[in-house]
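The following note sets out points for a colleague to read alongside the coordinates. Please consult the sequence and the model together.

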Amino acid sequence: MSEKHYVIQWKMDSRCKWITLDNHKFATLDEAVVIMKKKQAAGLPWERWRIAESYTVIRYKAVKE
């Protein structure tokens with residue numbers, strides 16, 4: 001299984017899909033929050049940015065004999 005990680009995402013406007021920022025993965029939420037605070041201090045529109053958590057979906061498929 002893969003380790004849980006966090007990424008920072010942004011979107012141009014409300015109709016666009018979320019885009020992962022530079023594929024940077026953060027091991028902890030605290031690391032991602034530090035970068036988000038820097039972006040907020042830079043005056044970037046806060047509502048267009050978010051921190052997203054990775055997750056894994058486990059699926060099963062029948063095996064043919």
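1. Overall content. The protein has one helix and three strands, and from the N terminus on these elements run β-β-α-β. Helices (H or I, at least four residues) and strands (E, at least two) are DSSP runs, numbered from the N terminus.

2. Basis of the description. This is a predicted model, in which local features need pLDDT of at least 70, side-chain atom pairs count only at pLDDT 80 or more, and totals for chains, interfaces and linings use all residues. Residues are numbered from 1 along each chain as its sequence is written, and side-chain values use heavy atoms, with hydrogens and water left out.

3. Dimensions. The radius of gyration of the protein is 16 Å, whereas a compact globule of 65 residues would have one near 11 Å; the value is taken over C-alpha atoms, and the globule rule is 2.2 Å times the number of residues to the power 0.38. Along the principal axes, the C-alpha atoms fill a box of roughly 60 × 30 × 15 Å.

4. Burial. Of the 65 residues, 20% are buried (buried means under 20% relative accessible area, exposed over 50%, partly exposed in between, with a 1.4 Å probe and protein chains only).

5. The sheet. Three strands form an open sheet in the order E2-E1-E3, with antiparallel pairing; two strands pair if DSSP finds at least two bridges between them. Strand E2 (19–20) and strand E3 (49–53) are the edge strands, each pairing on one side only. Five bridges join strand E1 (residues 6–10) to E3 in the antiparallel sense, and Gln 9 has Arg 50 in E3 as its bridge partner.

6. The helix. Helix H1 (residues 29–41) lies across E1 and E3 and runs at about 170° to E3. Axes here are lines fitted to C-alpha atoms, for helices over the stretch in contact (heavy atoms within 4.5 Å), and angles run from 0 to 180 degrees between N-to-C directions.

7. Ser 54. This residue lies in the segment after E3. Not counting residues up to four places away in sequence, Ser 54 touches Glu 3, Lys 4 and His 5. A polar atom of the Ser 54 side chain lies 2.8 Å from the backbone nitrogen of His 5.

8. Lys 17. Is this residue, Lys 17, buried or exposed? Lys 17 counts as exposed because its relative accessibility is 71%. Lys 17 is found in the loop between E1 and E2 and touches Trp 10 and Lys 11, not counting residues up to four places away in sequence.

Note on methods
A polar contact is a pair of N or O atoms within 3.5 Å; within protein, one must be able to donate a hydrogen and the other to accept it, and residues adjacent in sequence count only if both atoms are side-chain atoms.
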